[in-house]
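Thanks, everyone. I have one structure to walk through today. Please have a look at it before I start.

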Amino acid sequence: MEKNEFDRILVEKTEGLNRVIDKYLPREEGPQRIVAEAMNYSVRAGGKRLRPMLMQEAFLLCGGKQEDRLFLEPFLAAVEMIHTYSLVHDDLPAMDNDEYRRGRKTAWAVYGEAVGILAGDGLLNYAFETAMSVFDCCGCTGKPITSLYSSREYLNRAARALSVLANKAGIRGMIGGQTADIRAEGQDEPVTKEQLLFIHEHKTAALIQAAMTVGGILAGASEEQIELLEKCGYNLGVAFQIQDDILDVIGDSRELGKPVGSDEENRKQTYVSLAGLEQARAEVASLSEEAVKILDGFKPGNGFLRQLVLELIHRRQ
């Protein structure tokens, strides 16, 4: 796929996902209005919409039908809410203490630390409210699922997708990785490569794995395909994080939109500091090659998803 064509489609798909996500955001009303406002402020901060994008494209890769789009949409919104909640909490004074993200004030810096905590809590809970709405009505149409996706097969797909999403977001997934990262920063002995890979796998890759496998599950993918999507998500997530480490060393702050060299300044152990720049680059190349090989095994394939994976792993920003 030509670069210009890919960029055009990427913009179109991102705008489409923004409309879907916006449709499911909570109303800003009642005595709890301020927390809903903070939640919406955080989600609407923008970003790549990478996780819902990967879920959508994995759904299409596995033969998901356009007429089943309403079955997918609540999960697209849910995975972005989970990702956003993790950023809201990461920015808090007790975590990374960041006042700015993507060029604007973070939630706690605007609404106060207490509301910032509640906004993150609210997004995590609301994500599952949103995903579970598939059992009551689909795509906010008001039509009960029994008239749209009433077969046991569809109900089983939705239940399994919820289980995967919860597992990968929880202590065995993203929260577990964040915990390991915090503990590693406070330990006296040097961080090992095994520790670092555990952190990357759980903190970064887990939610990417969730996005891709949920997309496959909702499309009715086979067990073999779901396992392959999980492996692809692992490769993509770990390579994505290692590339982040590389860019912090060699990146251009104007392209990145943030200062470079912060890892070294903060004495943070990264894949680059442990294995060296060349080995880190080699690892990214190996992981990306395997990820693309996995995607190429699906027929008829998804050229946009293939290009998206390559763009993400080898990005300059």
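Predicted model: local features only at pLDDT ≥ 70, side-chain atom pairs only at ≥ 80, totals over all residues.

Overall picture. The protein has 16 helices and two strands. There are 317 residues, and 49% of them are buried. Now contacts. Take those with a separation of 6 or more: residues 24 or more positions apart account for 74% of them. The exposed surface comes to about 15400 Å². Carbon and sulfur atoms supply 49% of that area.

First pair: helix H4, residues 69-90, and helix H6, residues 113-132. How do H4 and H6 pack? Their angle is about 165°, and their axes are 8 Å apart. The cut-off for roughly antiparallel is over 145 degrees, so H4 is roughly antiparallel to H6. The crossing of H4 and H6 is left-handed.

Who meets whom? On the H4 side, the contact residues include Pro74, Phe75, Met81, Ile82, Tyr85 and Val88. Facing them from H6 are, among others, Ile117, Leu123, Leu124, Tyr126 and Phe128. H6 also brings glycines to this contact, Gly116 and Gly120 among them. By class, the contact of H4 with H6 holds 15 nonpolar residues, five polar and one charged. Asp121 of H6 is part of this contact.

H2 contributes Ile34, Val35, Ala38, Met39 and Val43. H6 answers with Val115, Leu118, Ala119, Gly122, Leu123 and Tyr126. The tally for H2 with H6 is ten nonpolar, one polar and no charged.

Now the serines. Ser42 sits in helix H2, residues 33-43. Is Ser42 buried or exposed? Its relative accessible area is 10%. Buried means under 20%, so Ser42 is buried. Leave aside neighbours within four places in sequence, and Ser42 is in contact with Thr84, Val88, Arg104 and Ala107.

Ser286 is in helix H15, residues 277-296. Ser286 has a relative accessible area of 42%, so it is partly exposed. The C-alpha atoms of Ser286 and Asn235 are separated by 8.9 Å. Along the chain, Ser286 and Asn235 are 51 residues apart.

That is my tour. Over to you.

Methods. Residues numbered from 1 in each chain as written. Heavy atoms only, no water. Helix = DSSP H or I, 4+ residues; strand = E, 2+ residues; numbered from the N terminus. Buried < 20%, exposed > 50% of the residue type's maximum accessible area, 1.4 Å probe, protein only. Contact = heavy atoms within 4.5 Å. Areas by Shrake-Rupley, 256 points an atom, 1.4 Å probe, with all protein chains shown as cover. Axes fitted to C-alpha atoms, helices over the stretch in contact; angles between N-to-C directions. Parallel < 35°, antiparallel > 145°, perpendicular 65-115°, else oblique. Left-handed = near helix turned anticlockwise from the far one by under 90°. Nonpolar A, V, L, I, M, F, W, Y, C, P; charged D, E, K, R; others polar.
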